[in-house]
Amino acid sequence: MSDDTLAFNGVDGRTGAYLLPPLGVAQLARIALGHAVAGTERDEAARRLAVDIDFPLKEGEDPDDLSQAGWALVFPFVRKGGEAEAHQAAIREALAPLLALRRSQAARRDERRYRECLGSEAYRPGETKQQFLTRMGAGPGPVDPDKFPYYVLLVASPEEISYRVQYQLDVQYAVGRIHFDTIEEYARYAVNVVEAETRPSRGPRRMAVWATENADDRATRASARYLAAPLADFLERDQADRWQVSRFLGDQATKHRLAALLGRDVPSLLVTASHGVGFSAGDPRQRADQGALLCQDWGGPRAGVLTPDHYFTGDDIPADADLRGMVGFHFACFGAGTPKHDDFSRGAGAPALVDIAPHAFVARLPQRMLGRARGALACIGHVDRAWASSFLQADPQNAGATTTQIAVFESALKRLMEGRCVGHAMDYFDLRYAELASDLASRIEDATKYDVAVDDAELAKLWLYANDARDYAVIGDPAVRIGGSAAPLAARTRPEGAADLTRELDYRWFGNDADGKPGILKQLAQSTIDALRRTVADVLSLEVTTYAGDVENARAAAAGDATGHARPKAYTCCKIDGDTILSVPLDEHGAVEAELWRIHEAAVAQARQQRADTLRLILSLLPGAGP
């Protein structure tokens, strides 16, 4: 296709060629006809269009006040008694500081507005969005936070709760997702959010726009000239009195510069536009590098094979980076994540889905940005491929020409820069998807039900536009704000009067209400102190035991069951004051069992590192402890 609105994003990390071969209009039209929007989704999109953009909640509720909007945590269903349940419990424990904060905010007026969906209320495999909400007691239409909260954080891999369900929920709710590889990353993320909201940054507000424009590349030429540069111009004018806007476009959008923006020169808001790097299913690099940002260092589609020097991955974030209070927005193929199936590469007349990954996953770059000590608050990005149709539209008055349409980006970023919640800012993207999905459903119905002639080009574009608009996702808690700051006071003041507002703020943060219920900081402080007390007690003495024999008996012994027959062969106890107790494994001749001792020493070293990481987390919560 020569239409710039259909320029696709994504470069093969092995070959340097585009990930998607050219598609004809007729081919795309046939794919669209075979994948009509489901009736329930069409109806939900129509209802969404009937809701005022500023009020996705029912009338009278403020989406920037969690006590009015509500907040929910959704886990996937796991069976009792297994490793999955224990792992889920460990995640919840790691998130405890964040949950305490959100409960104090959302349940302040009504307990129903804070909800944890786990156990019997967890999302069940195969449920649609509406089936899940029906179980929760909620219906379609404007969000009633007394039925189910507006802000929804999914704590699950996209295999456990699919991206499709996330998209469906996001039409009306403000949805985000976190999924990390380790428990420690969940704990770090919780600390990052709590610290941002209880010790907000007072530094200057800085936004950076970084966008490549590679040689002979239509996609990055379009995103640099028609998205990144106009966005920087608009926000520089609109936020001139509050924000400093820096731009790094074309030749300045190098890997070195991006490392600086995620290292020593960290802005509060980072917007990037580039190709995302992709790999074929089964490639060992796919999990770590899919969605990496292709930098200006790449010579363009004629340059040949890519190397890691050309793109920026999660592992390229500098070790000493301080991303606290930051939000990232990445326009790039697979920038937020990768689904298992590809909607864009099916052959003509072939309805079968094509696997592009062994399983769906969250991109490593946002995982590394959020799950590190002193990490970011949220990343907004694209699942699957990104298209220029996000910001370009065909000009009906001039065949072959396009017009820039970036009001959705302008509006969402303006909200972010004014201190609004990330999920609420993304509502503009949700409204755009609802509009396009409704238009697409109507045209498909014309073609398949009423035998109305529909132009292939029109149908192909509508289908691509709708799928592209749907695939924006928030990685992180959707209730976070840049820097952890609250929305401007003037924008949130209700007609009760200044005296009422002052008393309200005094209660929320510092005091007690008429019934003696503590405010946010008091509740959070007590919860944090209790968690720290338990954690400090655990790290004062480090014990490592190495068993020989049956694995199940070893697990039972580790859990305190001494009735089994697991044989402890080596033991180390390291106290916080330096005292150490060792028991060395000996064979039947009294000689040290060298291989077993080597394994034991490695386990001790790992345990010591984990204790050091835990202590650093504790210190980061103490006032005046430094970064």
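**Note on the predicted model**

1. Val74 sits opposite Cys117 of strand 3. Strands here are DSSP E runs of at least two residues, and helices are H or I runs of at least four, both numbered from the N terminus. This is a predicted model: local features need pLDDT of at least 70, side-chain atom pairs count only at pLDDT 80 or more, and totals for chains, interfaces and linings use all residues. Residues are numbered from 1 along each chain as its sequence is written, and side-chain values use heavy atoms, with hydrogens and water left out.

2. Strand 2 (residues 71–74) and strand 3 run parallel, joined by four bridges. Strands pair if DSSP finds at least two bridges between them.

3. Strand 3 covers residues 114–117. Tyr114 and Glu116 point one way, Arg115 and Cys117 the other. All are buried (under 20% relative accessible area, 1.4 Å probe, protein chains only; exposed is over 50%, partly exposed in between).

4. Helix 5 (residues 96–106) is mostly covered. Ten of its eleven residues are buried, including Arg102, Ser104 and Gln105.

5. Helix 4 (residues 83–94) packs on helix 8 (residues 183–198) at about 25 degrees, axes 8 Å apart. The contact (heavy atoms within 4.5 Å) uses His87, Ala90, Ile91 and Ala94 of helix 4 and Ile183, Tyr186, Ala187 and Ala190 of helix 8. The two helices are therefore roughly parallel (angles under 35 degrees). Axes are lines fitted to C-alpha atoms over the stretch in contact, and angles run from 0 to 180 degrees between N-to-C directions.

6. Overall, the protein has 21 helices and 23 strands. Of its 627 residues, 53% are buried.

Key:
Parallel < 35°, antiparallel > 145°, perpendicular 65-115°, else oblique.
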